[in-house]
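The structure is shown first, and the description follows.

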Amino acid sequence: MTLLKEPDHGTPASSSVQMVCVEVDGVAVTVPAGTSVMRAAAEAGLSVPKLCATDSLQAFGSCRLCLVEIDGRKGTPASCTTPVEPGMVVHTQTPRVERLRRNIMELYISDHPLDCLTCPANGDCELQDMAGVVGLREVRYGFAGENHLDAPTDSSNPYFDFDESKCIACSRCVRACDEIQGTLALTIVGRGFESKVSAGGTNFMDSECVSCGACVQACPTATLSEKSVIELGIPTRSVLTTCAYCGVGCSFKAELRGDELVRMVPHKDGGANEGHSCVKGRFAWGYATHPDRVMAPMVRDAITDPWREVSWEQAIDYAAQRLREIQNTHGVDSIGGITSSRCTNEEVFAVQKMIRAAFGNNNVDTCARVCHSPTGYGLKQTFGTSAGTQDFKSVAEADVIVVIGANPTDAHPVFASRMKKRLRAGARLIVIDPRRIDLVRSPHIEAEHHLQLLPGTNVAVVNAMAHTIVDEGLVDIEFVTKRCDAELYREWEEFIRRPENSPEATEQFSGVPAAEIRSAARIYAAGPNSAIYYGLGVTEHSQGSTMVMAMANLAMATGSIGREGVGINPLRGQNNVQGSCDMGSFPHEFSGYRHVSDSVVREQFESLWGATLQSEPGLRIPNMFDAAVSGEFKALFVQGEDIAQSDPNTRHVLAALESLELLIVQDLFLNETAKYAHVFLPGTSFLEKDGTFTNAERRINRVRPVMKTKIGKQEWEVACDLSTALGYPMHYDTAAQIMDEIATLTPTFAGVTFALLDEVGSVQWPCNADNPLGTPVMYVDSFARGDGAFQLTPYVPTDERSTRRYPLLLTTGRILSQYNVGAQTRRTPNVIWHGEDLLDIHESDAEMRGITDGSWVTLASRVGETALRAHITDRVPPGVVYTTFHYPVSGANVVTTDNSDWATNCPEYKVTAVEVTPNLHGPERAAADRADAEATVNG
Ligand code: SF4
Ligand code: SF4
Ligand code: SF4
Ligand code: FES
């Protein structure tokens with residue numbers, strides 16, 4: 001592919017439905033009212049010179065290069081800031097405007113270094129292009145611009161430089177940071193020739209900058225340039241693909257020079273991101289070629305043996321032979337596998353097929369078990385489908401936004417930018433979270449209510465909101481009557497009216513004043529468009545599924561479902577967590593969430609696959625661990641997941657892994673889990689994969705190989721090889737063939753093909769004969785299950801409560817620069833922002849324990865302890881502490897328990913009773929403690 005250059009129409013498109021006819025340079029063009037003259041010219045195929053305008057930003061009108069003449073108007077207005085009017089006749093190339101443009105360009109060039117030939121942006125610089133376009137031949141004012149030419153370069157950011165000497169003060173960077181990213185880190189200080197961009201602090205690193213790169217992308221000169229471009233040169237070709245970090249699923253142009261990846265540029269037509277990105281997707285891809293990657297398969301008979309590098313054939317034969325031996329000795333159900341939410345749909349589908357057809361059992365589960373399995377359960381019970389209801393774009397229509405148990409600015413940054421844009425435009429915000437997340441108060445945004453509840457009381461607070469809505473007659477009776485099951489509603493109404501669900505009763509144990517709950521409920525009910533966005537702070541609880549249903553009840557009771565601007569929106573953690581669930585990774589469901597006991601569905605699979613499939617659900621991940629410890633479960637295949645680090649109660653997980661006779665790990669790196677493995681199979685990075693990811697809005701995006709696979713094959717081929725070696729032949733020529741099989745077997749994917757995705761970019765399932773281009777908003781006319789089903793959601797306090805011995809409640813989360821267990825981001829310069837996991841603790845809790853900021857503390861729960869450094873902050877209330885789990889050494893999951901959601905076994909990561917004490921031994925003590933724990937487990 002050549003380098004994809006997206007057209008720039010100069011100013012954003014107008015959404016007006018009213019059309020206006022104008023004439024530009026003799027060409028008649030019809031555009032929506034509100035369109036700029038510049039954009040109308042672009043629509044007519046004409047190009048007006050410009051510097052400060054670009055179509056991702058509102059017009060600013062500072063450079064004056066885009067002057068035009070308009071019949072009947074005096075002067076030469078800027079075309080970027082002048083809207084079209086009916087019958088307008090515009091001239092963009094008159095001698096007068098051409099002369100003026102040359103004069104303007106002369107002024108710019110007089111204060112610009114003339115080092116074009118050696119400049120990193122040579123060939124990709126709009127200033128250089130425009131100098132040519134306006135026909136600049138001489139610079140009468142000389143080149144001795146006093147104010148900028150000697151300005152120093154700010155190289156503080158690990159990914160981009162700011163070379164102030166090249167800045168033309170067009171303010172595109174400032175506006176990108178304001179309008180697109182919403183961080184407002186940059187300003188223009190000074191006037192005229194003294195104007196310059198300031199990052200607030202002394203440099204970019206010391207500023208509010210979150211390194212999203214929007215300013216770099218917007219800069220028309222080499223002032224803001226990626227270090228990789230400076231080092232490697234301007235890219236010459238690009239491949240469209242999808243970010244492999246979070247569930248936002250941003251589309252990128254991977255831009256290469258030869259075979260070398262130079263930069264990732266967010267794709268303007270990407271449905272999820274519309275040209276924006278965060279620091280991870282844009283910059284943190286270096287892990288893909290990190291020297292730690294393992295490229296050759298390895299085996300060993302015992303985990304105390306050294307690894308032996310072997311060929312792929314030897315590794316596959318070894319694994320297959322040992323799997324069969326184990327099944328012959330311990331039975332067909334003694335083995336199983338875990339699929340990865342980081343892998344493509346096609347890779348996940350191949351692995352679950354291998355387990356069901358070649359292993360011959362349903363012992364397949366996915367890492368979604370430990371994050372969003374309650375979403376699947378709760379939304380299926382209430383609405384009939386296990387997925388979020390909206391597309392991301394929908395947030396632009398929301399009047400009230402409720403964020404529950406999610407921290408979008410850190411965990412889903414690009415969606416957070418879209419949400420912040422809507423909030424700055426006036427939508428009302430309610431945050432329900434134990435922590436004061438950034439959204440509660442950020443530039444031009446202030447939550448109307450922050451319901452700072454105690455961890456574990458989500459259900460009570462949302463029930464109390466529903467109680468208020470019923471109690472105060474705020475139910476949307478028309479919606480409920482038309483769209484919901486009447487009997488279930490009656491039962492629910494009777495339940496929710498009970499005094500124990502009132503805000504006044506709830507206040508006693510949730511810590512949220514009743515008046516605040518009532519007020520938040522009124523705002524949500526008033527809408528008119530109210531949308532709920534939630535994350536793992538909802539699902540990772542003993543009542544995770546109950547909470548999802550409680551939110552769905554709230555949406556149905558207020559009619560906040562079935563159109564743009566409303567809905568129940570899970571913010572999915574990993575890039576393909578939606579897809580891994582869709583693909584049939586759960587032990588009880590085939591792809592498309594059909595139960596394995598459904599004989600009609602099962603026969604379809606059996607007939608196409610030529611295999612007899614079990615009709616009983618298999619083991620979930622925690623059941624596999626328990627069965628391993630008790631000696632019934634003997635072998636496990638783990639696709640791209642570090643369960644030793646990511647799953648709760650590390651001691652129990654390690655005991656399970658250590659009990660296995662055979663552990664097969666497929667991954668990029670020798671991770672913590674691989675310490676217990678007998679077979680290690682190398683994996684592919686997203687830059688090598690060919691397939692699809694499905695993001696949090698059910699959007700199926702193509703992942704295209706940017707470089708050749710470094711292991712000689714695609715990951716789905718490994719599953720095929722292992723399956724074939726086990727006696728169940730499995731073969732595909734391409735990933736597209738796997739998608740064809742998925743479409744054949746999965747009604748919601750029936751219309752999906754690689755050809756369609758290549759043609760239209762992406763589609764949101766359901767995509768089938770009824771919805772050939774997908775379904776951005778679900779349940780417009782009816783729910784998937786027919787009538788919406790209100791569910792009773794009694795609040796049951798978790799067993800995990802603070803006690804005298806463990807008086808604090810620990811909750812966990814993510815930070816912007818790091819991702820999950822950090823396997824990828826720790827292998828990039830992102831470590832500069834977060835080099836270790838810290839324990840957030842309130843000043844009063846710290847003071848009473850003699851803990852100072854930055855000092856080492858021991859964090860202990862009833863299942864284990866670890867050491868971290870304390871960070872004293874008022875983001876957490878007294879009684880609550882918080883940490884991340886990005887570093888193996890901090891071992892946050894050593895302390896989390898195996899309490900889990902009653903319906904899905906999703907672990908209760910978000911509530912652990914702990915004590916925090918000063919630790920005078922620091923990390924040495926922590927390392928020794930971990931070694932002790934591992935030694936205990938290893939016997
Ligand atoms: S990188 Fe992003 S956050 Fe930082 S200054 Fe640029 S636009 Fe703002
Ligand atoms: S840094 Fe780039 S985008 Fe920002 S004002 Fe200077 S030239 Fe314009
Ligand atoms: S928001 Fe998520 S998908 Fe988008 S670039 Fe960042 S990590 Fe990647
Ligand atoms: S492009 Fe119109 S004023 Fe700069």
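Predicted model: local features only at pLDDT ≥ 70, side-chain atom pairs only at ≥ 80, totals over all residues.

## Cavities in the structure

## The largest cavity

The volume of the largest cavity is about 600 Å³. Its lining consists of 39 residues, and those nearest the centre are Leu536, Glu540, Thr812, Gly813 and Lys910. Two elements, helix H18 (536-539) and strand E32 (808-813), each give two or more residues to this lining. Strand E32 contributes the most, with three residues.

By class, the lining of the largest cavity comprises 16 nonpolar, 16 polar and seven charged residues.

## The second largest cavity

The second largest cavity holds about 240 Å³ of space. It is lined by 22 residues, among which Arg342, Asp667, Leu668, Thr684 and Gln824 are the closest to its centre. Eight nonpolar, eight polar and six charged residues make up this lining.

## The surroundings of ligand 1

Which residues surround ligand 1? The shell is formed by Phe160, Cys177, Gln181, Leu186, Phe204, Cys209, Val210, Ser211, Cys212, Gly213, Ala214 and Cys215. Helix H4 (172-181) supplies at least two residues of this shell, as does helix H5 (214-218).

The shell around ligand 1 contains nine nonpolar and three polar residues, and no charged ones.

Notes
Residues numbered from 1 in each chain as written. Chains lettered and ligands numbered in written order. Heavy atoms only, no water. Near = heavy atom within 4 Å. Helix = DSSP H or I, 4+ residues; strand = E, 2+ residues; numbered from the N terminus. Nonpolar A, V, L, I, M, F, W, Y, C, P; charged D, E, K, R; others polar. 1 Å grid on protein atoms, 1.4 Å probe; cavity = no way out; pocket = protein on both sides within 12 Å on 5 of 7 lines; lining within 4 Å. Points joined across faces, edges and corners; volume = space filled by probe spheres on them.
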